[in-house]
Amino acid sequence: MSTDEERLAQLGYKQELHRRLSGFSNFAVSFSIISILAGAITSYGIAMKAGGPVAITLGWLFVGIMVTFVALAMAEVCSAYPTAGALYWWAAALAKKNKPAWAWFIGWFNFLGEVAVTAAIDFGAAITTAAFLSLTFGLEVTALSTFLLFLVIIVVHGLLNTFGVNLVRILSDVSAWWHLIGVAVIVAILAIVPDQHKPMSEVFTEVYNATGFTFAGAGVYAVLMGLLMAQYTYTGYDASAHVAEETHDAARAAPRGIVLSVVVSVIAGFVLLVAITWSIQDYEGALGTDLGLPPAQIFIDAVGTDLGIFLLFICMVAQWFCGMASVTANSRMSYAFARDDAIPGSRIWKKVNPRTGTPTNSIWLCVTLSTILVLPSLWNTVAYFAATSIAVIGLYIAYVGPVLLRRLSPDFQPGPWHLGKWSAPIGWIAIVWVGIICVLFVLPPASPITAETFNYTIVAVAVVVGAATIWWFASARKWFTGPKQNVLEKAAHGEPTD
């Protein structure tokens, strides 16, 4: 029995998923989901409209530093408990009282966030693909055409994940290199080809406010709203924890994957965003482009149609990789949560395909739920903003819950990867930051506040919290006991446990 399998057995689980991911592959999954060529490109327009260049460049750096604190605090807990359940499992392990309740609510926030981030990533990929097809084949970009592209993309991602973890590993490794080389190519072309650039001072200091708010300090408010671009992009790095049961030397490799995926994204993303913002030729024209994607217009204005399409192609492929990795992480979290009977129909969702070693049913559950979340995009133009906000709030509450419990647990036993004396200050900074963004991203993003501009994030989060709370007190508290140890369950059915 390998050390990884021994540790998993100590945590109460039989090795069922195929353990075939290296440390680099583990990093690549999280790095692919963060995907600076996905989140930062598809949500670039949010920061262009709210805050402008200062929110795009310095906002990216500031949020990146704060997210690094969150990643470090999460990684320390991950090293102690390298299991696919990750966040909700950690909550149950660290809580002094009401362990099942902590696991239940953290699990549901994680589940909500995972579904929303998958929806937002693939919807963003559909927006970029629509812009690409518009430039190359004259596709008319409409709400319906974008939604149909989303359907194609997410179904393909479901199929790719169904074929097994080996394919996921190969595609994730390719994805990491595609992102790094792609960013280098985009930055080089944008630095060399354009005849003129925006003054560098404006790249870092210009504030732009098209939110409609005009009160005193509206510019500052707009910049704060624009931070959503960066905060949304820095999501999904919990994937390294969710694939821990498929990773070699998970107690070290998974926490490293969490932290490195964020740090590399902060640096590479900053260089990318500075290059794009530096290359803006017509700010208003890019913001109101018929392509529906401001960076696409910026590329074309700066380097011409042919090269611009090439740069957009690099982003489009990266976003397809990103969505595939997101479905991977989403399905593993769902599988683990179902393994502990916390999802309706858990008996179906916790099944593992013996041939591929993947939770096939869970994969298609995630695909279906993400599609339902994107349906409003057919009628409401703020659906993407709402999906990104839901993803941020749902995931970050789940991220920081175990960090808070770890701070309140003096007898916590660190794993081989830990923060030592820096654990407390890093943990508390992470907790405070998540509190701030949970308030920030339920505020109205635009004025006047109408059915079209209303921020539906608070509604979606309230529905999930309300439903989880009602279900908990009406039923779940009587039978949900938190993470179950399936080592004993498998042995009881005569199955080998090693």
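This report walks through a predicted protein model, from its overall build to a handful of residues.

## How to read the model

Residues are numbered from 1 along each chain as its sequence is written, and side-chain values use heavy atoms, with hydrogens and water left out. Since the model is predicted, local features need pLDDT of at least 70 and side-chain atom pairs count only at pLDDT 80 or more, while totals for chains, interfaces and linings use all residues.

## The overall build

Let us start with the whole chain. The protein chain has 22 helices and two strands; here helices (H or I, at least four residues) and strands (E, at least two) are DSSP runs, numbered from the N terminus. Along its principal axes, the C-alpha trace spans about 70 × 45 × 45 Å. For 498 residues, a compact globule would have a radius of gyration near 23 Å, and the protein chain agrees with this because its value is 22 Å. The radius of gyration is taken over C-alpha atoms, and the globule rule is 2.2 Å times the number of residues to the power 0.38.

Of the 498 residues, 61% count as buried. Buried means under 20% relative accessible area, exposed means over 50%, and partly exposed is in between (1.4 Å probe, protein chains only). Among contacts in the protein chain with a separation of 6 or more, 84% come from residues 24 or more positions apart; contact means heavy atoms within 4.5 Å.

## Surface and charges

The protein chain exposes about 17900 Å², and carbon and sulfur atoms supply 68% of that area. Accessible areas come from the Shrake-Rupley method with a 1.4 Å probe, and for residues only the protein chains shown count as cover.

There are 25 positive and 28 negative charges, and their mean positions are 15 Å apart. Lys and Arg count as positive and Asp and Glu as negative, while His and the chain ends are not counted. The place of a charge is taken as NZ of Lys, CZ of Arg, CG of Asp or CD of Glu.

Ser79 belongs to helix α5 (residues 58-80). Its relative accessibility is 2%, so Ser79 counts as buried. A polar atom of the Ser79 side chain lies 2.8 Å from the backbone oxygen of Ala251, and the side chain also reaches the backbone nitrogen of Trp417 at 2.9 Å. A polar contact is a pair of N or O atoms within 3.5 Å; within protein, one must be able to donate a hydrogen and the other to accept it, and residues adjacent in sequence count only if both atoms are side-chain atoms.

Not counting residues up to four places away in sequence, Ser79 touches Ala251, Pro255, Gly415, Pro416 and Trp417.

Leu112 counts as buried, because its relative accessibility is 11%. Phe137, with a relative accessible area of 69%, is exposed.

Leaving out residues up to four places away in sequence, Leu112 touches Ile390, Gly394 and Val464. The C-alpha atoms of Leu112 and Asn330 are separated by 9.8 Å, although these residues are 218 residues apart along the chain. For Phe137 and Val465, 328 residues apart along the chain, the C-alpha separation is 44 Å.

Val185 sits in helix α9 (residues 165-192) and is partly exposed, with a relative accessible area of 28%. Apart from neighbours within four places in sequence, Val185 is in contact with Phe310 and Ile314. Its C-alpha atom is 11 Å from that of Cys315, which is 130 residues away along the chain.

Arg477 is placed in helix α21 and is partly exposed, at 46% relative accessible area. The Arg477 side chain reaches the backbone oxygen of Phe473 at 2.8 Å.

## Backbone details in the loops

In the loop between α6 (87-94) and α7 lies Asn98, a residue other than glycine with a positive phi near 55°; Asn98 is exposed at 56% relative accessible area. Asp249 is in the loop between α12 (239-242) and α13 (250-278). Asp249 has a positive phi of about 50° although it is not a glycine, and it is partly exposed at 35% relative accessible area.

Pro448 is found in the loop between α20 (423-440) and α21 (457-479). Ser447 and Pro448 are joined by a cis peptide bond, with omega about 0°.
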